[in-house]
Amino acid sequence: LSCKQPGSLPELKRVRKLYDRTIQSYGAIILEIVEKGLAIPEADCPQPPPRPEGFSTLKSRVDPLLAQMRRKGESCQLDPALVASRSEMTSLVIAGPGAEPHHHRLLSGWRKEFIGDELLSRLAEP
């Protein structure tokens, strides 16, 4: 959504993964939020974290954990997208087994119980 920067309801309707019902109910609010976000000066926007050394190998560490999460989600009839995104999993992999729970939603609440502890165990493996 942030990359598309919709400025009207027709533009918002072209954003993938937004349902018509969502747009009907929240379209005006979403457009207002996008407008406010675009008004923030670039200098005041948070910068993405620097890519760690060995970033090219990071994918090979993240993909198996995403697959594990997907399998477990499907076995419980839970959409894996509700559990975590690729970027959240990548952030957890970068943090490693000593990741702070307050920085990773996979390590708190139901997500921790569902798969967070398993992921930390896998990250601690040599």
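This briefing describes the fold, the ring contacts, the salt bridges and some surface features of one protein model.

The model is predicted, so local features are reported only at pLDDT of at least 70 and side-chain atom pairs only at pLDDT 80 or more, while totals for chains, interfaces and linings use all residues. Residues are numbered from 1 along each chain as its sequence is written, and side-chain values use heavy atoms, with hydrogens and water left out. The protein has six helices and zero strands, where helices (H or I, at least four residues) and strands (E, at least two) are DSSP runs numbered from the N terminus.

**Overall form**

- Read from the N terminus on, the elements of the protein follow the order α-α-α-α-α-α.
- The radius of gyration of the protein is 18 Å, whereas a compact globule of 126 residues would have a value near 14 Å; this radius is taken over C-alpha atoms, and the globule rule is 2.2 Å times the number of residues to the power 0.38.
- Along the principal axes, the C-alpha atoms of the protein fill a box of roughly 50 × 40 × 25 Å.
- Among the 126 residues of the protein, 27% count as buried, a term that stands for under 20% relative accessible area, with exposed meaning over 50% and partly exposed in between (1.4 Å probe, protein chains only).

**Rings around Phe114**

- One aromatic pair is found when the whole structure is searched, and this pair is formed by Trp110 and Phe114, which are tilted at 55 degrees between the planes and lie 6.4 Å apart from centre to centre.
- For such a pair, the ring centres of Phe, Tyr and Trp (its six-membered ring) must lie within 6.5 Å, and planes under 30 degrees apart count as stacked, over 60 as edge-to-face and the rest as tilted.
- Trp110 and Phe114 are four residues apart in helix α6 (residues 109-124), and so they are separated by about one helical turn.
- Trp110 is partly exposed at 42% relative accessibility, whereas Phe114 is buried at 12%.
- The charged end of Lys72 sits over the ring of Phe114 at 5.2 Å from its centre, which is counted when NZ of Lys or CZ of Arg is within 6 Å of the ring centre and within 35 degrees of the ring normal.
- Between Phe114 and Val34, which are 80 residues apart along the chain, the C-alpha atoms are separated by 33 Å.

**Salt bridges**

- Side chains of opposite charge can pair when their charged atoms come close.
- The structure holds six salt bridges, each defined as a side-chain nitrogen of Lys or Arg within 4 Å of a carboxyl oxygen of Asp or Glu.
- Lys59 and Asp63 form one of them, with their closest N and O atoms 2.6 Å apart, and these two residues are about one helical turn from each other because they are four residues apart in helix α3 (residues 55-75).
- Asp63 also meets Arg86 in a salt bridge of 2.8 Å, N to O; Arg86 lies in helix α5 (residues 86-95) and Asp63 in helix α3, so this pair ties together parts that are 23 residues apart in sequence.
- Lys59, Asp63 and Arg86 are thus linked in a network of salt bridges, in which Asp63 is partly exposed at 25% relative accessible area and Arg86 is partly exposed at 41% relative accessibility.
- Another salt bridge joins Asp117 and Lys112, whose closest N and O atoms are 2.8 Å apart; Asp117 is partly exposed at 38% relative accessibility, and Lys112 is partly exposed with a relative accessible area of 31%.

- Tyr26, Ile29 and Ile33 form a nonpolar patch on the surface, which together has about 330 Å² of accessible area, as given by the Shrake-Rupley method with a 1.4 Å probe, where for residues only the protein chains shown count as cover.
- Patches are made of residues with over 30% relative accessible area and no salt bridge, like charges being joined within 9 Å and nonpolar side chains (Val, Leu, Ile, Met, Phe, Trp, Tyr) within 5 Å.
- Phi of Gln77 is near 55 degrees, a positive value in a residue other than glycine; most residues other than glycine have a negative phi.
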